[in-house]
Amino acid sequence: MIKYYEIILMINPDQSDQINNITEYYKKFIIKNNGSISRFEDWGRRQLAYPILKLHKAHYILINITLNHTNIIKDLEKSLRINEHIIRYLIIKTKTDRKNISCILKLRDERQEKRNDIIKRI
């Protein structure tokens, strides 16, 4: 039975040079376990609502995956829990596969377009 999940990772911003290595590790982990990635978004550094481990910012990653076996999610969660670079994570089971661009990126793109329009007028 196919299961759909949405995963949000909050990575220590001091590990900016390791973001690609961290995300590649989890992408390979998912694919190695017969899963597939339907959406992957790098939201970049964002302000935290409150400090976590004395950090005020975190690097956010959104991953939507499809898995055939639910026991793989437990292994993934264990790996996320022991990874010292990930300060928080959230795994949500969804009813359908998500492939559209997220609201976070839509807002960022709209803001960038507005900035570009203002710059063109100057």
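**Close-up 1. Strands β2 and β3 make an antiparallel pair.**
In this predicted model, 11 bridges tie strand β2 (residues 36–52) to β3. Strands here are DSSP runs of E with at least two residues, helices are runs of H or I with at least four residues, and both are numbered from the N terminus; two strands count as paired if DSSP finds at least two bridges between them. Look for Arg45, whose bridge partner in β3 is His59.

**Close-up 2. Strand β3 is largely enclosed by the rest of the structure.**
Of the 13 residues in β3 (residues 55–67), 11 are buried, so the rest of the structure largely encloses this strand. "Buried" means under 20% relative accessible area, with exposed set at over 50% and partly exposed in between (1.4 Å probe, protein chains only). Strand β1 (residues 3–11) also runs antiparallel to β3, with nine bridges joining them. Tyr4 sits opposite Thr66 of β3 in this pairing.

**Close-up 3. Four strands line up as an open sheet.**
The order is β2-β3-β1-β4, and the pairing is antiparallel. At the edges stand β2 and β4 (86–94), each with a single partner strand, so one side of each has no neighbour in the sheet. From one strand to the next, the twist averages 20°; axes are lines fitted to C-alpha atoms (for helices, over the stretch in contact), and angles run from 0 to 180 degrees between N-to-C directions. Eight antiparallel bridges connect β1 and β4, and Met10 has Arg88 as its bridge partner in β4.

**Close-up 4. Helix α2 packs on the sheet.**
Helix α2 (residues 71–82) touches β1, β3 and β4, where a contact means heavy atoms within 4.5 Å. The direction of α2 makes about 165° with that of β4.

**Close-up 5. Zooming back out, the chain reads β-α-β-β-α-β-α.**
That pattern holds three helices and four strands. Among contacts between residues at least 6 apart in sequence, 75% join residues at least 24 apart. Across the 122 residues of the chain, 38% count as buried. The C-alpha atoms fill a box of roughly 55 × 35 × 25 Å, taken along the principal axes.

**Notes on the views.**
Residue numbers start from 1 along each chain as its sequence is written, and side-chain values use heavy atoms, leaving out hydrogens and water. Local features need pLDDT of at least 70 and side-chain atom pairs count only at pLDDT 80 or more, while totals for chains, interfaces and linings use all residues.
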